[in-house]
Amino acid sequence: MEPLEILKKGTQELGVQLNNYQLEMYLNYLDELVEWNKHFRLVGSAKPEVIVVNHFLDSLTCFKSQLIQSEKSVVDIGTGAGFPGLVLKIAEPILKLTLLDSSNKKIAFLQHLVGILGLTETEIIYSRAETFGQGEKGETYDLALARAVAPFSVLLEYALPLLKVGGSFIAQKSRAVLGELEHSKKVIELLGGELKGVISVEVPFLSAERLLVIVDKISPTNQKYPRREGIPQKRPL
């Protein structure tokens, strides 16, 4: 099946409506990613059909949270090649998006891609999440996203300090996160959050189950969080 057909059928299954211009943007995104991946390892597999399923459609499952809304300011932590943030921005163009990553090659790719696609209100930041969370952007975002591979408690320390009270965090995780949730409830409370729920989602054309873990920000985070660079990974809360 051709990538465009996979994308059309997959988004239909997810209930995400795209016009022809948006579909064309995804194909341009795909072409650029395949080309850049020849020189810089941005994704594991550069097969177009794999990228569409494993990255585009997987990212679009975030719409199942009912939290992706056009007026929101969104930070994507450890975005890599733009997942899920940039994929969601194409589908919901009015999002005010910040893409955060600490890899120079990925930042360069994102800067190039955002220019090619002509996206507005898309900020690209080269920084560690801990450093960014200690700066002026602390407690300013409506929504934080993370698809990065890290323990859930670590992602919480990256994300919750960036959210304003009333904001939400969506972590895209595998079923393995269920074993972390009991301990993580204490971390969530420490950082000013509350576990809202866990949503099971199916990625079209992919047999593996995915989970969206939703955490609401209900009170300000103590200013000592996030801890300095490297500490959340070395000594998780």
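Which helices are included in what covers the buried residues of α2? The cover includes α1 (3–14), α3 (48–60), α4 (85–91) and α5 (104–117). This is a predicted model, in which local features need pLDDT of at least 70 and side-chain atom pairs count only at pLDDT 80 or more, while totals for chains, interfaces and linings use all residues. Residues are numbered from 1 along each chain as its sequence is written, and side-chain values use heavy atoms, with hydrogens and water left out. Helices (H or I, at least four residues) and strands (E, at least two) are DSSP runs, numbered from the N terminus.

**Helix α2**

- The buried residues of α2 are Q22, L23, M25, Y26, Y29, L30, L33, W36 and N37. Viewed down the helix axis, these buried residues fall within an arc of 155 degrees, so they line one face of α2. The arc is taken over the directions from the helix axis to the C-beta atoms.
- Buried means under 20% relative accessible area, exposed over 50%, and partly exposed in between (1.4 Å probe, protein chains only).
- N20, Y21 and D31 are exposed residues on the face of α2 turned away from its buried side.
- At the start of α2, the backbone nitrogen of Y21 has a side-chain oxygen of N19 within 3.1 Å.

**T98 and E123**

- T98 lies in strand β2 (residues 96–101) and is buried, with a relative accessible area of 3%.
- Leaving aside residues up to four places away in sequence, T98 touches V74, V75, D76, E123, I125, F132 and Y141. Contact means heavy atoms within 4.5 Å.
- The side chains of T98 and E123 are joined by a polar contact of 3.0 Å. A polar contact is a pair of N or O atoms within 3.5 Å; within protein, one must be able to donate a hydrogen and the other to accept it, and residues adjacent in sequence count only if both atoms are side-chain atoms.
- E123 also forms a salt bridge with K137, with the closest N and O atoms 3.7 Å apart. E123 is in strand β3 (residues 122–126) and K137 in the loop between α6 (129–133) and β4, so the pair ties together parts 14 residues apart in sequence.
- E123 is partly exposed at 29% relative accessible area, and K137 is partly exposed at 27%.

**Other salt bridges**

- The structure holds twelve salt bridges, each a side-chain nitrogen of Lys or Arg within 4 Å of a carboxyl oxygen of Asp or Glu.
- One of them joins R147 and D58 (2.8 Å, N to O). This pair links distant parts of the chain, with R147 in the loop between β4 (141–146) and α7 (152–159) and D58 in helix α3, 89 residues apart.
- D58 is buried, at 3% relative accessible area.
- K185 and E182 form another salt bridge, with the closest N and O atoms 3.9 Å apart. Both lie in helix α8 (residues 181–190), three residues apart, about one turn of the helix.
- K185 is partly exposed at 43% relative accessibility, whereas E182 is exposed at 58%.

- Strands β6 (residues 193–202) and β7 (residues 209–217) run antiparallel and are joined by nine bridges. Two strands pair if DSSP finds at least two bridges between them.
- G193 stands opposite K217 in β7.
- Six residues lie between β6 and β7 in this hairpin, and F205 in the turn has a positive phi of about 70 degrees.
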